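Student: I would like to go through this structure slowly, asking at each step what a term rests on.
Tutor: Then let us look at it together.

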Amino acid sequence: MAHRPPPVAHPNADDVLAALDPEQRAVAASPLGPMCVLAGAGTGKTRAITHRIAYGVLSGAYQPQRVLAVTFTARAAGELRTRLRELGVGGVQARTFHAAALRQLHYFWPQAIGGAAPEVVPSKAASVAEAAGRLRLRLDRTELRDLAAEIEWAKVGMLTPSTYAAHARSVGREPPGLDAVAMARVYAAYEEVKAERGVIDFEDVLLVLVGILAEHPQIARAVRDQYRHFVVDEYQDVSRLQQRLLDLWLGDRRDLCVVGDPAQTIYSFTGASPEFLLGFGARYPGAETVRLVRNYRSSPQVVALANLVLASPGGGRRSGAVVLQAQQPDGPAPRLVGYPDDAAEADGVARELADLIADGEEPSGMAVLFRTNSQSEAFEHALGEAGIPYLVRGGERFFARKEVREAIVLLRGAARGDDGSTPLTTLVRDLLVTAGWSREAPKAGASRERWESLNALAALADDLVATLPAARMRDLVIELDERAASAHAPTVQGVTLASLHAAKGLEWDTVILAGCSDGLIPITMAETPAEIEEERRLLYVGVTRARRRLTLTWAAARTTGARASRRPSRFLDQAAPVLGEGARSTPKSARRGRRAAATTPAVCRGCGATLGVAAERLAGRCANCPPTYDESVFEALREWRRGVAAEAGVPAYVVFTDATLTALAEQRPTSTAELIAIRGIGPAKLEQYGEAVLKVLGPN
């Protein structure tokens, strides 16, 4: 965590700058004009931008109500507001893109459109299901979720139903379970359903506001009069739609500070793009660029591994990435531990955590991170068997949990009758007992997770009394309301289980990165160089979540007794000097062969043309040549895939993409050796699905 000294009482502008390191000070001391901050993991970017805003206000360069700080999560916006209050600065607007846009949309809708703004639906599921039904598509819940995600991708890219198909083909994007034309029809039907119901979705909030600002100059002027200075956090995750809105907010002004890290771009599949961050200097000539490189979060040993993960084979750095410089004391060396199979890996992870807890480590300071949500189950089982409390991040939000909502109702009711005769901490615990809390914690499982949620409320009351001894129930309820509004959950005791995507922005003393094998990191369906590089960045994000202790684990086989077909992730090859020679994914001779094969151009079996798009290379033919497979075989493969995906609770394309099914139907492999030769089928998928696929294909 970035070093945060106690807040200065009634600070002045000089005090604000004095609390910063040289690079952070360079960010804060120039509050006017365009600035791009390339902030490495753990380098105190939030500290830098809050001090920039505070310095701008305290020096007279800003009026606080004229500043809009934009983030990507409500929690991050709440953190910005809290830090600004600590610096003695109030009145600055800190909101997510959607929250800021929705506020403006409600305000300007009557003037631009007339009447009240339409309702924003919380989920696309029902409308997507109705749209699919109108097209006579029979889809399960997982497939509907995939289609909703594809519609979101199209909308943040500012694509319409009429432009979707051509663009998807041009970038080699494969819609989940449908071809691009069919997906465009679903998208069009979805828009019709929304129009008939008179509702909009979250992406429409931005799209409609963009339209209003572009078509109504007087409204655009009103917004620009209100906000003169902008700060955008996590700028590497900005989509084309968000950038368009930001451009309209700015007009021809240049008072914009953007902060981001290209090495943490892990949401490209949602439409996020680092191009705006990396191209900032070209868009704003003369813009100042500052690199934050001092890592205040992690030990030198963890930082060294993170730098190796991002290093290019020639020893340079990938585009825009900074070389982190550790500022914390030494810690234990990161370890790579191999296990014979997934079950043994989960049990080994549980044993390591149990040993740390026995040594006095807090479970809340530990996390097990993995590539896919489906990996969570094995660790939940192993930790439950070991009696280790855990919580699954990315599941139900803290303030949405049934036990938390019911407990807050009880606390709110008690606030009216709290006369101060009973200490707040005692009163809170007495009430929580009626909600299911007990003095003794259950051993594990769902009851333990519920108990931990309620216990976090009791601990929050303790913290409130420690800082405000006269606090009463009313103060606690106000604190809970503020936290709920900003998605700022209290600390829950328990080991965190989370996907690498869900872990972004968080940190723990101890991190175990599980499943560090090829096929998981990078995941098998990552095929293009850009997709594989994003997987590398995902591993980097995981490594940099650790403050002190980092263990990487991998399993040689999926099931007990199966053939050991997995190898460590190729991204660890360059980390062998730290993790040992066992970290290398393949012998050097095999790596040379792989590189040689990769340079051989693929050609169409039909016309001999060079194949450039990943889907064409996978199928072995270009889009202009007709398929040469039996359609009944292809449909049989699709039906098998649908059943496997539904049983595993994953999107269909996670099993195999349409392009892989096409290649299977055309080539009709009859052995595992022929299966593994098909692009998109690696050792992990061969082991998991090989026999079933050969059975579906049957004899040629």
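Student: In what sense do strand β12 (residues 366-370) and β15 pair, and over how many bridges?
Tutor: In this predicted model, β12 and β15 run in the parallel sense over four bridges.

Student: What makes β15 and strand β16 (residues 546-555) a pair?
Tutor: Here the model has five bridges, again in the parallel sense, and because at least two are required, β15 and β16 are a pair. Within β16, Thr551 is the bridge partner of Ile512.

Student: Why is β15 called largely enclosed by the rest of the structure?
Tutor: A residue is buried when its relative accessible area is under 20%, and five of the six residues of β15 are buried, so the strand is largely enclosed.

Student: Where in the protein is confidence highest, and where is it lowest?
Tutor: On a scale from 0 to 100, strand β15 (residues 508-513) has the highest confidence, at a mean of 97, whereas helix α25 (residues 588-598) has the lowest, at 44. Over residues 588-601 pLDDT stays under 50, and the model has five contacts beyond four places in sequence for them. For the protein, the mean pLDDT is 86, and 89% of residues reach 70 or more.

Terms used. Residues numbered from 1 in each chain as written. Predicted model: local features only at pLDDT ≥ 70, side-chain atom pairs only at ≥ 80, totals over all residues. Heavy atoms only, no water. pLDDT = per-residue confidence, 0-100. Helix = DSSP H or I, 4+ residues; strand = E, 2+ residues; numbered from the N terminus. Contact = heavy atoms within 4.5 Å. Buried < 20%, exposed > 50% of the residue type's maximum accessible area, 1.4 Å probe, protein only.
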